[in-house]
Every structure is written in structure tokens, then in C-alpha cells.
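Please examine the sequence and the structure shown here before reading the report.

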Amino acid sequence: MRMGKSVVGLMFTCVFLLTACFTPSEIEAKVGFLDVQKLVKESKLGKQATKEIEKLTQGKEKEIAPKLKELNDLKSLVESSGTKMSEAEMRGKVEEFQRLNKDYQRLVQDSKEEIARQDRERVAAILKKAEEVLVKVAKRDKYLMIIKEPNVLSYLDPSVDITAEVIKELDSLK
């Protein structure tokens, strides 16, 4: 039991000596928070990327629209003229519809994947540039650490959010 009291006393002595050696400003740990989603959404680069993705999406929708019309037209034809067609004609139209539907679904899936890939690439490029700015801001303003993952926090004082400052610095880059 005596040994335990000695260890505790030694720990208190070490803490006291360490705090006595440093001024309060030297032991103050400055922590910041960066809202990555806000950075991507509100920065000039993020807004430009959003416009590019919207343009790509509209282009893909224009590419898909004729296939959908062709599919719907064939469906309407089969539904309206189905009783007038022979069994062989009906089977042929159904097979054609299934083939067109399969092609349409593939085109839609490929388009979604292309849009998602382009979006990921643009976000990665923004985050790469933002990382350089973040390090610059952290060193300049003497932050000990910057947290980017909000899910690890239970509470975040708004005063530690440096997102606006990083966006401003990022937007000022040429």
C-alpha cells in the first residue's frame, strides 16, 4: 500500500514540475474542426464541381430519354395492339421489349456509375487542395490538431469550427 502512495505522490510531483516549467500559453492546446461536407458544398471549387456534375447528369438524362421513349412506345404498341397480333408477332415484340428494357437498365446503371465516379474524383481533388490549405492554416494559427470527422464528437463548440477560414483561403488560391 505504501508503494502505491509513493507512485501517486511521484505522479503529482511530475505534473506539478511540468506545469511549473511551462507558461499557460505553452501548454494550451488549440483544437479546430473542419466540416468537410460544408467545405465541398460552399467553396468555389465545390460549387464548380456541383455545376459540372449537374451538367453531366443532364447530358446523361438526354442520352437516356430516347431509349425510354422507345421502350414506352413499344410497351404501348403491345398493350394496344396485342389482341390483333399473332402469337409469333406478340412473342417477337415481347422479346424486343425485354431486350430494349435490358439495354435501358444497363444504360441507366452505367450512367449512375459514371456520375458517381466523376463526383468522387471531383471531391477528391477538392479535398487534396483543401488539405494543403488546412495544413497552412493549422501551422499559421498554431493548432495542435484539426478534427475532420464529426461522428467522433459528442459536442462541438462553434468557436473551434475553422471551415469558413479554410474555404476563404481555398477560394483565394489561383
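## Basis of the report

This is a predicted model, in which local features need pLDDT of at least 70 and side-chain atom pairs count only at pLDDT 80 or more, while totals for chains, interfaces and linings use all residues. Residues are numbered from 1 along each chain as its sequence is written, and side-chain values use heavy atoms, with hydrogens and water left out.

## Overall make-up

The chain contains 6 helices and 2 strands. These are DSSP runs numbered from the N terminus, helices being H or I with at least four residues and strands E with at least two. Along the sequence, the elements follow the pattern α-α-β-α-α-α-β-α.

Of the 174 residues, 22% count as buried; buried means under 20% relative accessible area, exposed means over 50%, and partly exposed lies in between (1.4 Å probe, protein chains only). Among contacts with a separation of 6 or more, 82% come from residues 24 or more positions apart. Contact here means heavy atoms within 4.5 Å.

Two packed helices are described by the angle between their axes and the distance between the axes. Axes are lines fitted to C-alpha atoms, for helices over the stretch in contact, and angles run from 0 to 180 degrees between N-to-C directions.

Helix 4 (residues 44-81) and helix 5 have axes that come within 9 Å and cross at roughly 175 degrees. The two helices are therefore roughly antiparallel to each other, on a scale where angles under 35 degrees count as roughly parallel, over 145 as roughly antiparallel, 65 to 115 as roughly perpendicular and the rest as oblique. Their contact has 18 nonpolar, 5 polar and 12 charged residues. In this division, Ala, Val, Leu, Ile, Met, Phe, Trp, Tyr, Cys and Pro count as nonpolar, Asp, Glu, Lys and Arg as charged, and the others, Gly among them, as polar.

## Helix 5 and helix 6

Helix 5 (residues 87-140) also packs with helix 6 (residues 163-171), at an angle of about 120 degrees and with the axes 9 Å apart. This pair is therefore oblique. The contact involves K129, A130, V133, L134, K136, V137 and R140 of helix 5, together with E165, V166, E169 and L170 of helix 6. By class, these residues divide into 6 nonpolar, no polar and 5 charged.

Two residues of this contact may be followed in detail. V137 of helix 5 is buried, with a relative accessible area of 0%. Beyond its neighbours within four places in sequence, V137 is in contact with Y143, I162, E165 and E169. E169, in helix 6, is buried as well, with a relative accessible area of 18%, and touches V133, K136, V137 and R140, not counting residues up to four places away in sequence. V137 and E169 are 32 residues apart in sequence and 8.3 Å apart in space, C-alpha to C-alpha.

## Nonpolar cores

A nonpolar core is a set of buried Ala, Val, Leu, Ile, Met, Phe, Trp, Tyr and Cys residues joined through side-chain atoms within 4.5 Å. The largest has 15 residues, and L39, I162 and V166 have the most contacts inside it. Helix 3 (36-42), helix 5 and helix 6 each give two or more residues to this core, and helix 5 supplies the largest share, 6 residues.

Leaving aside neighbours within four places in sequence, the contacts of L39 include I126, L127, A130, V166 and L170. A second, separate core of 8 residues includes I64, L71, L107 and V108.
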